Amino acid sequence: MQDNSGLALGNAYGSNIANMGLILGTTGLLVPITVASSVLRRELPLLLLVTLLAPLPLLDGMISRTDAALLLAFVGYNGLLIWQQF
């Protein structure tokens with residue numbers, strides 16, 4: 001509300017990282033997590049690409065329609081991966 005878009009995006013990114021770490025850490029303590037090598041070969045390049053591109057929306061200080069479309073595409077891709085598992 002006070003034009004602190006960097007703070008808002010940093011808060012969102014940090015919250016997501018903390019949540020994923022807490023969930024994976026807790027799960028790893030309870031049950032060993034196994035990942036097939038085929039999944040790593042398929043998903044790791046995309047994960048690295050998204051990780052490298054994540055700071056781009058911060059460069060201009062606002063989330064444009066293009067930024068939002070890319071974020072929604074990533075959410076859709078994650079939904080597709082989850083749907084394929086069932």
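Me: What makes the pattern of this chain α-α-α-α?

Reply: In this predicted model, the chain has 4 helices and 0 strands. A helix here is a run of at least four residues, and reading such runs along the sequence gives α-α-α-α.

Me: Why is the chain called more spread out than a compact globule?

Reply: For 86 residues the globule rule gives 12 Å, but the radius of gyration of the chain is 16 Å, well over that value, so the chain is more spread out than a compact globule. As for its extent, the C-alpha trace spans about 45 × 25 × 20 Å along its principal axes.

Me: How much of the chain counts as buried, and what supplies the area it exposes?

Reply: Buried means under 20% relative accessible area, and 6% of the 86 residues count as buried. The chain exposes about 7,400 Å², with carbon and sulfur atoms supplying 72% of that area.

Me: Why is Glu43 called buried?

Reply: Glu43 has a relative accessibility of 18%. The cut-off for buried is under 20%, so Glu43 counts as buried. Its place is in helix H2.

Me: How do you know which residues Glu43 is in contact with?

Reply: Contact means heavy atoms within 4.5 Å. Leaving aside neighbours within four places in sequence, Glu43 is in contact with Tyr77 and Leu81.

Me: And what makes Ile82 exposed?

Reply: Exposed means over 50%, and Ile82 has a relative accessibility of 52%, so Ile82 counts as exposed. You will find Ile82 in helix H4, residues 65–84. From Ile82 to Leu72 it is 10 residues in sequence and 15 Å in space, C-alpha to C-alpha.

Me: Why is Ala36 called partly exposed?

Reply: Ala36 has a relative accessible area of 42%. Ala36 sits in the loop between H1 and H2. Ala36 and Leu9 are 27 residues apart in sequence, and their C-alpha atoms are 33 Å apart in space.

Me: How do you know where empty space is left?

Reply: Rolling a probe the size of a water molecule over the atoms shows it. In this chain, the largest pocket holds about 1,500 Å³ of space. Its lining has 35 residues, and the closest to the pocket centre are Met20, Leu47, Val50, Phe74 and Asn78. The elements giving two or more residues to this lining are helix H1 (5–30), helix H2 (37–53), helix H3 (56–59) and H4. The largest share, 10 residues, comes from H2.

Me: What classes of residue line the largest pocket?

Reply: The lining divides into 28 nonpolar, 5 polar and 2 charged residues. Phe and Met are among the kinds that count as nonpolar.

Me: Which residues line the second largest pocket, and which elements give two or more of them?

Reply: Val39, Arg42, Glu43, Asn78, Leu81, Ile82 and Gln85 line the second largest pocket. The elements giving two or more residues to that lining are H2 and H4. About 210 Å³ of space lies in the second largest pocket.

Definitions and conventions: Residues numbered from 1 in each chain as written. Predicted model: local features only at pLDDT ≥ 70, side-chain atom pairs only at ≥ 80, totals over all residues. Heavy atoms only, no water. Buried < 20%, exposed > 50% of the residue type's maximum accessible area, 1.4 Å probe, protein only. Rg over C-alpha atoms; globule rule 2.2 N^0.38 Å. Areas by Shrake-Rupley, 256 points an atom, 1.4 Å probe, with all protein chains shown as cover. 1 Å grid on protein atoms, 1.4 Å probe; cavity = no way out; pocket = protein on both sides within 12 Å on 5 of 7 lines; lining within 4 Å. Points joined across faces, edges and corners; volume = space filled by probe spheres on them.
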